[in-house]
Amino acid sequence: MDLKSFLKENNSLPENRRVCISPCFREGDEAAEWELRAVTEEEYRRAAENAKDKWAALCVLAAVTPDLRDKGLWESYGTASAEDTLKEMLYPGEYLRLLEEVKALNGFSERRAAWKEQAKT
């Protein structure tokens, strides 16, 4: 394999994923889906630098829909930040479902599996 394979123009993030995080949000007769995206390490580092909850910061970055940075959404939930809005919107199990989806989309699941395999040897 040559260096060309690793050039930026040959690098792509995974495609966005649409998932149902909570049946509480409805679009007509169906549960509204969240659209999630992968983020770069640099995006994550900048967002998490001053964050109280680094996992919540990752979830906020990954959420395309709903846009958790929308101040109208904050006002609706009576919160002052995207992270607080996220935690106000979801029940604990739903938050964990979102976090697991975001972690999987951003490569954390593969890392965990590799670490488990390494620990066995």
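**Cysteines and a neighbouring loop**

A search of the whole structure finds zero disulfides, a disulfide being a pair of cysteine sulfur atoms within 2.5 Å. This is a predicted model, in which local features need pLDDT of at least 70 and side-chain atom pairs count only at pLDDT 80 or more, while totals for chains, interfaces and linings use all residues. Residues are numbered from 1 along each chain as its sequence is written, and side-chain values use heavy atoms, leaving out hydrogens and water.

Cys20 is in no disulfide, and its nearest cysteine sulfur, that of Cys24, is 9.3 Å away. The sulfur of Cys59 is 16 Å from the closest cysteine sulfur, in Cys20, which is too far for a bond. Cys20 is partly exposed, with a relative accessible area of 37%, whereas Cys59 is buried at 0%. Buried means under 20% relative accessible area, exposed over 50%, and partly exposed in between (1.4 Å probe, protein chains only).

Cys24 also takes part in another arrangement: its backbone nitrogen lies 3.0 Å from a polar atom of the side chain of Ser22. Ser22 is placed in the loop between strand E1 (17–19) and strand E2 (26–27); strands (E, at least two residues) and helices (H or I, at least four) are DSSP runs, numbered from the N terminus. Ser22 counts as buried, at 0% relative accessibility. Its side chain also makes a polar contact with that of Glu94 (2.6 Å). A polar contact is a pair of N or O atoms within 3.5 Å; within protein, one must be able to donate a hydrogen and the other to accept it, and residues adjacent in sequence count only if both atoms are side-chain atoms.
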